[in-house]
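The model is predicted.

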Amino acid sequence: MKFNTNCFLFPGPEPVLLFANRIDIRQVLPHRSEYTLLLNNLENAIALDFHHGKELVFWSDVTLDRIMRASLNGSNVEEVVSTGLESPGGLAIDWIHNKLYWTDSGTSRIEVANLDGSQRKVLLWQRMEKPRAIALHPMEGKIYWTDWGNMPCIEYANMDGSNRKIIADTHLFWPNGLTIDYASHRMYWVDAKHHVIERSTDSKYICELFPLPGLPHPFAITVFEDSLYWTDWHTKSINSANKFTGKNQEVIRNKLHFPMDIHTLHPQRQPAGGRNRCGSNNGGCSHLCLPSNKTYTCACPTGLDKFLLFARRTDIRRISFDTEDKLDDVIPLADIRNAVALDWDSSERYIYWTDVTTDSINRAKWDGSKQEVVVDTSLESPAGLAIDWLTHKLYWTDAGTDRIEVSNTDGSMRTVLIWENLDRPRDIVVDPIGGLMYWTDWGANPKIERAGMDASNRMVIISTNLTWPNGLAIDYSTERLYWADASIKTIEYGNFDGSGRQVLIGSQLPHPFGLTLHEDRIYWTDWQSKSIQSADKLTGLDRRTLAENLENLMDIHMFHNHRTTVQTPCSVNNGGCSHLCLLAPSPKASSCACPTGINLQADSKTCTHGNADNFLVFARRTDVRMISLDIPYFADVVLPVSVEYFHAPAGKVYWSDSTLKKISRANINGTEHEDIISTGLMTTDGLAVDSVGRKIYWTDTGTNRIEVANLNGSMRKVLVWQNLDSPRAIALFHEMGYMYWTDWGEHAKLERSSMDGSDRVVLINNNLGWPNGLAIDKAGSQLLWADAHTEVSRIEASDLNGSNRRTLVSPVQHPYGLTLLGPHMYWTDWQSRSIHRADKDTGANTITVRSNLPGLMDIQAVDRARALGFNKCGRRNGGCSHLCLPRHNVTSCACPTGILLRSDGRSCDNLPETYLLFSNRVSVRRISLDTNDHTDVYVPVPELHNVISLDYDSVERKLYYTDVSLDVIRRVNLDGSNMETVISQGLKTTDGLAVDWVARNMYWTDTGRNTIEVAHLDGTSRKVLVNNSLDEPRAIAVFPSKGFLFWTDWGHIAKIERAYLDGTDRKVLINTDLGWPNGLTLDYDTRR
């Protein structure tokens, strides 16, 4: 470093002092004390620097343990470094090579990264205690820092970490702030304990004390031209003095919150003339190019080639073997609650982990990018994980479901491998070279087992002297299996068949958990000693501690790039398999498997198309799942549809969503998703599909109706609307022409009617509480239902007419959905969060099919092999023009809601004869006066925003309406077709509209413009009729045969007026005893 005493004054913008204030970052003009806020609502901003060329500010937050950055105007705030920090107290920007350097007194490191936090590297860690302030001289390739440790000092090194030297190590105590005066080649620092500012004065770094009294607690310092500026914790101020003499002390700003780091924001503090040693091509380096004294060094991010990966419940860390100190750092992953098992795949550089709180298997790149959930359904306690790196398969154990499963590494094609005789399986390892997998089991009879990776040739290899067999590891070179037992407190090994068992380590192992091998060492985690240790894998000697004081240590693995790769039978054409190709031991070498619920065909290669023949489909509030009944275990698979109450005929699944107020359908594979009913629903609690008659029936406890429609939602009709008080479950017996439903109302009951709503009869109305699920046993001619709110919740049965009532299962907790298949009944239970099964005739042999399923709703059983049966309406729709509905022994024709059947008993009109039309801002609806149900039916008009007024032209059968959000008048056919805008300009608030069906004109009031206008029905020949003495015109009506126009006025003096249809002969009819005269209509018969 070269020194002189000259100071150069540079022209340019006025300097600004940029400083951190814990809760915000502010700017102050030193000579005018003007004070502006740059960033606020911060937690604990300490260190600070900027990049003038890129207009960025960087800061560290020691409460959040983050390094952040933002634009210099305060926008675009983002995290740069978010993991592996403990107390980042200093940071500095290399504005020439675009690097970020920081100190961390918690981890005792100096690190470097790109400006976005990528390619992070631990630069200096040895002989480092509490590094604090940091400053860079990128023109000379130097880094300077202070250290607060037991041996306080100021040091420097090249910016690649080489050639490290001490500048000062005497008469220092708390060396805090540090700054470089690039113009005069001097360095200044403050010591908070000695209350001084010091500087280096020559090339031997001789320090001299400034004559600056009254520095209670200086923290950070910066320089510009002739002045030094520093922050002081005690006085909570920013101060300045002459940098040569220390005189002319003044307070720039006081009464600050908590001033921390400070910098002079000016282009001369980051001179542009320095040479970029890395040039335009990053020095030819693949990753980091770091400047050195005269040249540069290529460097790799820490942990790029080999690192020890370990889980710690709430984070996943790595210990890089690139640095001698073996320091750990956190991989930046989001939302880790309880990580237990780990593995990795070097080919795609992914790490995988299980989380036993979120019950999920996840993966991310080793640097934390591309994080995603791989499996998150039907997991309860996934405690073991293993990667087959040859065929890219994921194997895992689940101690909650007592299963071992496999899938592709992206979670697809998941299947259950082993489900019998497992009792809390724990760890699992695979040997794809030998085609074998090994696992530990913690159950009543602890053991270690092995099987082919296709589950073949299963055998117990160790079953004695085991209590809590935890971690497993394979040594591929010596063909040994290692395991740790947390109860016996040993690490042992044996041959792959369990023979040759030896204790490797039998002392000072308080609670070993995870285990891994690499080269000649064995590594393990220990819960009780809270440490990671290693030893020689052959002798157990040469024990070393890699890390200590680490709570909640779990699994451990060594990530490296040297796993053995060989050709496998699965490498060519997927082993001939249509789905999964799984490795197996010789001579078989591989076998084919199918995803859960699908069977392998006789060729042992191909999986059956589609789903199983017999399966359960059940709804949770957030998803729909399927359980195949064709395979010897119960495993649920999530279907790609989201439902609440539903029915699943063989082809499609139908569901209702009470939040979205819709009924939808899709194929079971999720394709052809469509909403079939999206209006007029409130709480659709029951749904039944007549697969034979091609109809859908539903109950609605909000509207107290039972309705029917075609499977596509067309020809919708209200069947039952009287004396309903909360209809819930519904079931159909097409062959008999009956529908059955439960009613939860004040007087709970179970009713039956024909499927057209006629012949209604109450079957049971005593001793019912909350009759939930309902199912018809056609073969046994009985009715079954679940009651969740009687004295004792139970499942009951009766004959189809309600007689011979009997209890099948009691007590049950809170049964909800109920369905039948074969000799069994299945039901969902809200309280036990389970699906149960029992014999449908006796209620005996109750078992739990699946548990741990919160939010369970409806359930349906599907038997694809069962014949649909004879459709009574099959031939020519039963002769009906619209709906053909079964009745007992016959069929009946019916019309959509509000439309009467013609006298021929078979055909319907398209519209009711007499009906009301009304709007509720976002919809237009129709209520027929021809039928007694008076149900409102949505008129399918598109693009409604705020419809206020409407009228109907009976000649052309068109609806006219005003939309005050769009300020338009439109017309449309009553089937929603041919919508057109007839008036699109010059409207403000069109509150009233009237059609003159004789003269083919329309009239409207505009409250916003206080006018009454007229135009032809197509919007042409528009004319203002009345625009004076109108205060707030509202409703309007016409009497074409008499040539009169009537309207109401809401204004200061409310009134009702009349004029001729051309606006002449205007007359006030009523102007007393009126408040807000709203609606207006004419009785043409009585002329009122």
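## Burial classes

Buried means under 20% relative accessible area, exposed means over 50%, and partly exposed lies in between. Cys 298, at 44% relative accessibility, is therefore partly exposed.

## Disulfide of Cys 285 and Cys 298

The whole structure contains eight disulfides. One of them links Cys 285 and Cys 298, with an S to S distance of 2.0 Å. The S-S torsion of this pair is about -75°, so the bond is left-handed. Cys 285 sits in the loop between β24 (262-265) and β25 (288-291), and Cys 298 in strand β26 (residues 296-299), so parts 13 residues apart in sequence are tied together. Cys 285 is buried at 9% relative accessibility.

Cys 300 is partly exposed at 41% relative accessibility. Its closest cysteine sulfur is that of Cys 298, 8.5 Å away and too far for a bond.

## Two further disulfides

Cys 577 and Cys 592 are joined with their sulfur atoms 2.0 Å apart, and the link is left-handed, with -80° about the S-S bond. Cys 577 lies in the loop between β50 (556-559) and β51 (580-583), while Cys 592 belongs to strand β52 (residues 590-593). Cys 577 is buried at 8% relative accessible area, and Cys 592 is buried at 12%.

Cys 895 and Cys 908 also form a disulfide, S to S 2.0 Å. Its torsion of about -90° makes it left-handed. Cys 895 and Cys 908 both lie in the loop between β78 (890-894) and β79 (915-919), and both are buried.

## Nonpolar surface patch

Val 955, Trp 997, Val 998 and Tyr 1084 make a nonpolar surface patch of about 380 Å². Val 955 is located in the loop between β82 (947-953) and β83 (958-963) and is exposed, with 54% relative accessible area.

Terms used: Residues numbered from 1 in each chain as written. Predicted model: local features only at pLDDT ≥ 70, side-chain atom pairs only at ≥ 80, totals over all residues. Heavy atoms only, no water. Patch = residues over 30% accessible without salt bridge, like charges linked within 9 Å, V, L, I, M, F, W, Y side chains within 5 Å. Areas by Shrake-Rupley, 256 points an atom, 1.4 Å probe, with all protein chains shown as cover. Salt bridge = Lys/Arg side-chain N within 4 Å of Asp/Glu carboxyl O. Helix = DSSP H or I, 4+ residues; strand = E, 2+ residues; numbered from the N terminus. Buried < 20%, exposed > 50% of the residue type's maximum accessible area, 1.4 Å probe, protein only. Disulfide = S-S within 2.5 Å.
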